[in-house]
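Visitor: Hi! I'd like a close look at a single part of this model. Could you walk me through it slowly?

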Amino acid sequence: MVHIEDIKKEAKRLLKEKKIKYLIGYKRGTNGLTALPTFIKEPEDTDELIWEASCIQNLSRYLVEEKKEQLKNKAENTLPVGIIAKACDTRSIAVLLQEKFLERKDIYIIGVSCEYGGVIDQKKIKKKFRGKKPEKVIFDKTNNLLIGTKFGNIKVPAEEILAERCIECKSTFPLLCDDVFGENVKRKISEHFNSIKEIEELPAESRWEFWHGHLEKCIRCFACRSVCPMCFCTECVVDPIELAVTNESTAREKAEKVKWIERSTTATDNIIFQLVRTLHLAGRCIDCGECERVCPVDIPIRLLNKKMEKTALEKFGYESGFDINMPSLISNFKDEDPQDFIR
Amino acid sequence: MEQYEPRIIAFLCKWCSSAGSDLAGVSRMKYPPNIIPITVMCSGSVSPLYVLSAFRNGADGVLISGCHPGDCHYIKGNFYARRKILLLTELLNYIGMDEKRFKMSWVSAAEGAKFTELAKDFVEEIRFLGPQNKLIRGN
Amino acid sequence: MEVVIQRDSFPQLLEKLNRYNIWLPRKNGDYWEFKLSRGKESLDKKYTNTKLSPKKFVLPQTETLFQITEGENGKFNIDEKQKKDSLDIVFGIRPCDGVALSHLDKVFLNSFKDPYYSKKRDNTVFIGLACETPPFENCSCTTMGESPFSTKGLDILLKDIGDRYIVEYITDKGKKLFSGFPNLFGKITTKDKESLEKIKKESNKKIKKRVEDLSETTKKLDIMFDSDLWFHESQSCINCGICTYLCPSCHCFDINDEQLSKKPLNVKRVRTWDNCQFPIFTMHSSGHNPRPDKQSRYRRRIYHKFSYFYKTEGEHLCTGCGRCSNYCPAGINIFETLQKVAEYE
Amino acid sequence: MKRIGFFICHCGINIAGIVDIKKVVDEMKGYPGVVYSRDYVYMCSDPGQSLITDAIKEEKLDKVVISCCSPTLHESTFRNAVKSAGLNQFHCEIANIREQCSWVHTNRERATDKAIKLSKSAVERVRGNDSLEPIGFPVTKKALVVGGGITGIQASLDLANSGYKVILVEKDPSIGGHMIQLSETFPTLDCSQCILTPKMVEVSKHPNIDLLTYSEIEEVSGYIGNFKVKVKKKPTYVDPDKCNMCDECTKVCPVLVPNEFDLSLTGRRAIYIPSPQAIPATYTLDINSCPGFVPIACGKCADVCEVNAIDFDMKPEILEFEVGSIIAATGYELYDKKEMTSFGYGKYPDVIDSLQFERLCSASGPTGGKILRPSDHKEPKEIVFIQCAGSRDPELHCAYCSKICCMYTAKHAMLYKHNVHDGQAYIFYIDIRSGGKGYEEFVQRTIEEDNTLYLRGKVSKVYEERGKLKVWGVDTLIGKTIEINADMVVLAMATRPSAGAAELAKKLKVSLDKDGFFAEAHPKLKPVESITSGLFFAGSALSPKDIPECVAQASGAAAKSITILSQDKLYHSPTVAKVNTRLCTGCNMCVDVCPYEALSLEDNKAKVNEILCEGCGTCYATCLRAAIEIKNHTPLQVHNIINASLGG
Amino acid sequence: MNENPYFPNLALITSIRDEVGGDRAIKTFQTRFVNGNNFTFKSGQCAMLSVFGKGEAMISISNSPFTKDFLQFSILKSGRVTSALHNMENGSIIGVRGPYGNSFPMEKWKGRNLIFIGGGIGLAPLWSVLKTALVNKKDYGDLMLIYGARTSKDIVFKDELYDLRSEMTVHLSIDKDESGWNEFVGFVPENVKSKVSWPQNSIAIICGPPIMIKFVISTLAELGFEDEQIYTTVENKMKCGIGKCGRCSIGEHYVCTEGPVYSWAELKKLPQEY
C-alpha cells in the first residue's frame with residue numbers, strides 16, 4: 001500500500017537536504033478526479049503532492065524539457081532533478097538512459113508501484129460517472145475497484161475504468177529507482193496485446209477504413225509528439241515545429257531540408273506522419289499512452305505503437321524499457337531474425 | 001482503353017542486386033519496364049521514409065533488394081535492413097495497405113535470372129491489384 | 001426581430017433549405033463536430049459544443065490560395081483558387097463562437113481585406129444556438145463580457161425554450177434565409193418572452209465569473225510583462241498546438257508553396273493554420289528566435305488575447321468558450337491564469 | 001548556378017535499337033538545370049569523350065549526366081574525362097539505360113519512357129553532388145603472409161626481395177607445406193625437396209622476413225594499408241638458439257605417436273623435429289602427446305639436454321603487428337579418409353592415399369625411396385591407382401575436379417615402374433586432364449614407355465581376399481566389369497581447403513565459396529584479390545592447383561601487395577558519412593550499427609572516422625533524426641530521385 | 001494591380017550583381033513587373049518576393065523611390081527562398097507583392113544632419129533612404145555614412161560606395177586588419193565613436209545585425225543623442241506582410257505594417273521580442 005505521506009516526507013527531505021534541484025510530481029487538479037503536473041522547489045510546498053489513480057501523466061517528458069533547456073543554454077546540471085514515476089514512466093526513463101539522452105546522475109527517481117491498480121481513463125470515467133463526480137478510486141486485490149463518489153462507493157470491474165495500458169500492463173513495479181514506494185505484486189487483468197487483437201482480425205480494407213478514418217481527422221497539433229518522452233529530437237524529420245538551426249548552419253543546410261510531407265493536413269500526409277512516428281518509436285515506446293490521451297481528435301495512436309511493440313516482442317524477442325545497456329531494437333540484429341517475408 | 005501500367009520503384013543495393021539486374025541485362029533476359037531501379041549503396045541504407053515517399057509520389061509497388069544474408073558487401077547491412085523492413089511491412093499491413101505492394105528480396109550479383117523472375121511476378125501482382133491510391137500525395 | 005419555430009417543424013425547415021449545404025452538430029465518438037446534414041433531422045438536445053471551433057468554415061486549416069503553373073517559355077499562370085460560391089448554413093453555433101467570428105472579422109475584413117475569408121464569410125450563414133445551460137465547466141463567456149445569449153458574429157440566434165425555439169434575426173442575410181417559408185414560423189408570445197428571461201437568468205447564473213472586471217484586471221498586464229508568473233504558468237506547457245488550434249478566435253496562419261510537379265512547374269500556394277506556441281513560429285532563418293522559450297510564447301498568447309488585441313480592436317480576443325482549458329494536455333487553464341493576474345500585486 | 005549537360009549514348013544499336021534516342025534528348029532539354037543535351041553513337045570512344053569535355057568548356061557546364069551502359073563499366077572512364085575538363089569527378093553521373101533498360105525491354109515506347117526517368121534520376125543525383133576529393137591515409141610498408149607452403153614462401157620471397165618487410169606465419173613447426181613431403185615433381189621429375197629447400201633456407205635467412213612457425217592468426221582488424229594483426233605463437237618448449245640438434249632428447253623420449261610428416265607411415269617422439277630439412281631447424285615438444293610436465297611426469301628429455309634448451313615454462317605469446325597488406329596462402333589438405341570407406345581406406349593398410357605414396361617414393365621417406373607395402377614391406381607387384389577419389393562426385397563427395405590428380409597419378413605410376421621393373425600399374429580414371437606444358441607428353445610416356453594400364457571407369461569397391469586387394473570396377477570403354485587382384489591400392493584423394501581456412505575467413509571477415517575455398521573478388525579479372533581491399537589469396541587455398549600455378553599466383557599476389565605497399569599514401573572514396581551535430585543527440589545507434597567501427601561518440605555527438613567509413617549508409621537509415629548522411633547520397637537526392645523516377 | 005493582397009505580381013529579373021561571395025553570399029537583383037505598372041513606395045518599405053515552388057521572403061527595397069523603372073533588392077543567401085533566388089538568372093520570373101510597412105519620416109528630418117550607420121547587409125535598407133536624401137540634398141544638413149563589414153570582401157555596393165564619396169562623407173571599417181586597407185579597423189560602434197561628434201540637430205539611422213544596433217545605440221546615447229534622434233529598422237519573420245499571420249508581431253505592433261522603421265524612442269516602449 002502506497003502512503004502519500006511517506007512520499008511527501010521523502011520529498012521534503014530531499015529538498016531540505018538539497019539532494020535535488022526540484023521535484024516533478026502530481027498535484028490535485030481543478031475539476032474532479034484529476035491530477036496536474038507540479039514542479040516543487042520549496043520543501044514546504046511538498047504538501048500539495050498527491051498520489052492517486054488520476055496521476056495519469058508521464059512526467060518524464062519534463063525531464064526531456066529540462067534537458068533540452070540545459071542543452072540550449074549549455075548549462076551544467078548541478079543537482080539531479082527529482083521525479084515521481086510509475087512503473088511505465090520509469091521504463092521511459094530507462095529508454096532515455098539507454099539512448100544516452102539523460103544521464104542517470106541527473107535524475108533522482110522516486111518510483112511508485114501501481115500494485116493492483118494503475119491509472120484511470122478520464123474518458124471512461126466521464127462516460128460511466130456522468131454527473132456523479134467521482135472523488136477517489138480504491139484498488140482492492142481483486143480486479144474490481146471501488147469508486148468513491150458523493151453517493152458512496154461504487155464497485156466496478158477494473159477494465160471499465162482503468163486506462164487500457166494499465167489493463168494490459170506488463171509490470172506495475174518501477175525500476176531503476178532511488179526510492180520506491182509500494183510493493184511489487186504480480187497482477188494481470190488481460191493479455192498484453194488484447195487491445196490490438198480486434199483490429200488485427202479485421203480484413204485489410206476495414207483496417208484501412210479504420211485508420212484512414214481516424215488519421216484524416218488529425219489537425220497536426222503535434223500534441224502526441226510534444227507529450228512523448230521518446231520524441232526528444234530537436235528537429236522532427238517530418239514537419240518539425242522546432243528547427244535545430246544556429247548561426248553556424250549554412251544557407252544550403254537550411255535550404256535543402258527534405259520535405260517528406262507538406263504542412264497541408266491531407267489524410268495521406270497525416271498518415272505518413274503517424275507511420276514514421278510509429279516506426280521511430282518501434283522498440284522505444286513503452287506504452288505510457290500519453291499520445292492517445294492528449295489527442296484532441298481521439299486518434300487511437302497507442303494502438304499503432306502497440307502493434308510495433310508486439311512485432312518487436314514476437315519477431316525479435318525485444319522489449320523496450322527493461323535493459324538500458326543493450327543496443328536498441330533497430331540498431332541490433334540476430335542471425336536467426338525472421339526472413340520468411342523475403343523472397 | 002489501354003492497359004494499366006503499374007509504377008514500381010526498386011531500391012537495389014549496388015553490390016548484389018543492382019549487379020544482378022545488370023547481369024539480367026547482359027544475358028538479355030526480358031522483364032517489363034514498369035520497374036524503375038534506384039541504386040543505393042546497401043539495402044541497410046534504405047530508410048522507411050524512402051518507401052513511404054515512393055508510395056506518396058505515386059508508386060504502385062516498392063521493392064527493396066539486397067545481398068543474401070552473409071554476403072553483404074558491408075558485412076551486416078542487410079541484416080539491419082531485414083529488421084527495419086519487417087517492422088515496416090507489419091505496420092503497413094496493419095493499417096490496411098495491401099502487403100503485396102511492398103516486397104523485399106535477396107538477389108546476388110549472379111542471380112540475373114532470379115531478378116528477372118522477381119520483376120515479372122511483381123509487376124503482374126501489382127497489375128492485378130491495380131493502382132495504389134491509399135498513400136497518394138494530396139489525398 | 002424575433003419569431004418562434006416549433007421544435008417539431010425544425011426538420012421541415014432543414015428540408016426547405018436542402019439545396020444548400022447544411023451543417024449540424026453531430027456526435028463523433030466522444031465529441032461533437034459539425035457534419036453535413038442527412039436531411040430530416042433536428043438539433044440534438046444533448047449537444048454541448050463542438051470540440052473543433054466553427055472557425056474552419058471561414059478559415060479552414062488548409063486552403064489553397066493560388067495554383068501557379070508554368071506555361072510555354074517561362075510564362076506563369078496564377079489561378080486564384082476561390083471555388084466557394086455555394087451557400088453553407090451552419091446550425092448550432094454557440095454564442096461564444098459567434099463572438100469569435102466577430103473577432104475574425106476584425107482581423108480579416110478591416111485593412112487589407114482578405115478575399116478568401118470574406119468570400120467564405122459572405123457565403124456562410126451562421127445560425128447560433130443560445131446556451132440554456134453552459135456546456136462545460138470551463139464556460140466563461142460572462143467573464144469576457146459576453147453572455148450565453150450573445151448575438152455577435154451570428155446571422156440568426158436560436159433560443160431553446162423547450163418545445164420551441166425563439167428565432168432572432170440578426171443580419172439581413174439571416175432574415176432573407178428564412179423569409180421564403182413564413183408558415184413555419186409563428187409570432188412570439190409574452191409567455192415565450194417570460195420563459196426565455198427565466199432561462200437566461202438561470203443560464204447566466206450557472207456560468208462562473210472568473211474575474212470581476214476583465215478590462216481592469218488586464219490593465220495589470222502592462223506592468224506584469226517581466227513577472228515570473230509566466231514561467232510558472234507555462235512550466236507544464238509542452239509546446240503543442242491544441243490551445244490555439246481549438247480556439248475559435250486564434251487565427252495565426254502560415255503560407256507555403258507545395259510543388260506538385262517539377263516540369264512543367266506546378267505549384268500550390270497553401271495557407272495553413274499556424275500556432276504561436278510552436279518554437280518555429282517566430283524563428284528567424286538565422287536561428288535567432290524572438291520568443292525562444294515557453295514562457296515568452298505563453299505570455300504572448302495571453303497578452304495577444306487580453307492586452308494587445310484589446311488595445312487595437314477594443315475587444316478581448318477570448319470568448320470564454322473554454323476549449324483551450326478543457327483539452328490542454330498539461331491542464332493549463334487560461335482562466336486560472338487570469339485569476340492569478342487579478343490577484344497579482 | 002547549376003548548368004547540367006546531358007549526353008546519351010547509342011552504344012551502336014544496343015541502346016538506340018530499343019530506346020528512341022531523339023525523344024530522350026528533346027525531353028531532357030526542357031528538364032530543370034539541363035542546359036545542354038545531345039547524343040552520340042559511342043560515348044565511351046575518344047571522340048565521344050572529347051564531345052563531353054568540349055561541351056563542358058564551351059557551354060560552361062558544371063555537371064554532366066551520361067546515359068549509357070552500367071556505371072560498373074564506364075563510370076571511371078567518364079569521370080576521368082570530366083576531370084580532364086577541369087570538373088570534380090563527382091559532377092559526373094551515369095544513368096544505366098543499357099543493362100537496366102534497353103537490353104531487358106522490348107517495347108520501344110515504354111523503354112524510352114523508362115530511359116527518360118532514369119536519365120532524370122541521374123540529373124537529380126548529380127544536382128545534389130558535392131565536389132569531393134579522395135581521402136588519403138598512410139600505409140604500413142609491411143606485409144603479412146599466412147601459410148608457409150610453396151605459395152607462402154614464394155610470395156614472401158618476392159615481397160622481401162622487393163624490399164618490403166614480411167611476416168610469414170605458419171601453423172606447423174616447419175615451413176615447406178605439402179611440397180616438402182613430395183618425392184619428384186611432374187612433368188620434369190626433379191626432386192621436390194631439392195628445389196624447395198633452397199627457398200626455405202632463403203626465407204629463414206632473409207633480413208626482410210620475420211618467420212613465425214608454430215603460430216596462428218588470433219585476430220585481424222583495421223583496413224587496407226593499416227591492418228592490425230594479433231598472432232599467437234605456440235610454445236615449442238625448446239629454445240632454438242640453444243638447441244644444437246644433438247637429437248639426444250628423442251632417444252630418451254618414451255612416447256611414440258604417428259608422424260604427421262610421413263602421414264602416419266612412421267612414428268615420432270613427443271619431442272621431435274618434423275623432418276631433416278625442417279626450417280627452422282629445431283626441435284618441438286608436442287605438448288599433447290608429452291606425458292605432461294606440470295607437475296613434471298617425465299622430464300627425461302630435459303635431463304639429457306646438455307645445453308638446457310628445453311624450457312617447460314615456455315608460454316604462448318601474443319605478438320601484435322601492423323601490416324599494409326595480407327596474403328592468405330593456407331593451402332589444401334587431402335579429403336578425409338573416413339569418407340572413403342568403400343575403397344577400404346583406413347581398413348586395409350595397403351590402401352593408401354597419394355601423399356602417403358609420395359612418402360614411399362621419397363628418398364627421405366620411411367622406406368628410403370623403396371616402394372614397399374605398409375603391411376608387410378613387400379614390393380607390390382600389381383598396384384592400382386584410383387583417380388577422382390572424392391572428386392567429381394556431386395552426390396556423395398566433392399563436385400569439383402581436384403585438377404592435379406591426373407598428373408601426379410601418372411607420375412606415381414611412372415615412379416612405381418622405375419622402382420618395380422616387373423610390376424604392373426593400373427589406373428582407373430574418368431577423364432585424363434593433362435593441360436599444361438609437357439603434361440600430355442608425360443602421360444603418354446607413362447602409358448607407352450612404362451606401359452601403365454589406363455582403365456576408363458569407376459571403381460565400385462575394394463576388399464581383401466586371400467592377402468590380395470580385390471578391386472572391382474567397370475571399364476566403360478569395353479563395357480565390362482573388371483576385377484584386379486592388387487597388392488596395393490593408391491587413392492588420388494580429392495583436395496580440400498585446409499582445416500584452418502574457415503576460421504581464418506571469419507577473422508578476415510571474408511566469405512568462402514560453396515566448397516569452402518576462399519572466394520576471389522572476380523573469378524577472371526581479380527583472381528588473387530578478395531572483396532576486402534588489401535587482402536589477397538594465392539595458391540590452393542583458392543582452388544586445387546599444381547606447383548607452377550601456385551608459384552605464379554604467389555608472385556601475382558605479391559605484386560598486388562606491392563601496388564599497395566609501394567604507395568606512400570592510399571586514397572579511398574570520399575563518399576563517407578557526415579554528421580550534423582546540431583541534429584545529433586548522441587543516442588549511439590549509428591555507432592552500434594556501423595560495420596567498420598568508423599563511428600564513435602565524442603562529447604555526446606557521433607563522429608566519423610573517414611578512413612574507416614565505407615559509406616554503406618546503414619547509419620543514415622538507423623538514425624531517427626537524419627543527423628547523419630552519406631556525402632553525395634543525401635536523403636534530398638534520393639527524395640528527388642524517387643520523384644523523378646515516378647515522372648513527378 | 002490585383003486587389004488580392006496575397007497576389008504575387010509577376011516580375012522579371014533584369015539584372016543580377018554579385019556583391020559578396022562564399023557561403024553567406026549577397027547578390028543585388030533588379031526587377032521589373034511583367035505587366036509594366038510598378039508600384040510606388042517610400043524609403044524603408046519592403047516587398048514580398050516569391051520563388052514559385054519555394055515560397056516567399058520579405059526583402060527591403062534598396063533603391064530610391066525616385067528611380068522608377070525598377071525595384072532593387074540586395075539579398076543575403078540564407079534559407080530556402082533566398083538560396084533559390086541566388087540560383088536564378090537574368091530573365092527569370094519571380095513574384096513581387098507590396099510595398100509593405102511604414103517608411104522613414106524624411107519629412108520630419110528636413111533641416112537635420114543625417115548619419116547613416118550600417119553593418120553588413122544592413123546597408124541595403126539604408127541605401128534607399130540615403131539615395132533619396134541625396135536627391136533632396138538641399139533639404140538636409142550634412143550627410144554621413146558609417147559602414148562596416150567583417151572583411152573587405154563582405155562590403156556591399158563597393159563601386160557605388162566609391163562614387164558616393166564625391167557627394168557625402170563615407171567612413172568604412174572592417175573588423176580585422178588587412179593588407180592594403182587604409183581605413184578604420186574595428187567594429188562599427190567604435191568607428192561611430194571616433195567619427196561622430198555632433199549630436200545636435202542630427203538624426204542617426206542604423207541598420208545591421210541586432211548586436212551591432214544594440215551597441216551603436218548605446219554609443220550614440222553616450223554621445224548625447226536623444227532616443228528620438230535614433231532610427232532603426234526591425235527584422236522579424238514574416239509570412240503575410242499584411243498584419244494578419246501573427247509572426248512578426250512585437251507587442252501590439254505588426255512589424256510588417258507598423259514597422260519596420262522605428263525610432264529608438266518608440267522601440268524602447270515595445271517588448272524585446274525582435
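Visitor: How many salt bridges are there between chain A and chain B?

Guide: Quick housekeeping: this is a predicted model, where local features need pLDDT of at least 70 and side-chain atom pairs count only at pLDDT 80 or more, while totals for chains, interfaces and linings use all residues. Residues are numbered from 1 along each chain as its sequence is written, chains are lettered from A and ligands numbered from 1 in the order in which they are written, and side-chain values use heavy atoms, leaving out hydrogens and water.

Now, your count: between chain A and chain B there are six salt bridges (a side-chain nitrogen of Lys or Arg within 4 Å of a carboxyl oxygen of Asp or Glu). One of them joins the side chains of A:Glu205 and B:Lys134, with 2.9 Å from N to O.

Who's doing the touching on chain A? The largest share, nine residues, comes from α10(A). By type, that side of chain A divides into 26 nonpolar (Ala, Val, Leu, Ile, Met, Phe, Trp, Tyr, Cys and Pro), 11 charged (Asp, Glu, Lys and Arg) and seven polar residues (the others, Gly among them).

Zooming out, the contact (heavy atoms within 4.5 Å) takes 44 residues from chain A and 40 from chain B.

Technical notes. Helices (H or I, at least four residues) and strands (E, at least two) are DSSP runs, numbered from the N terminus.
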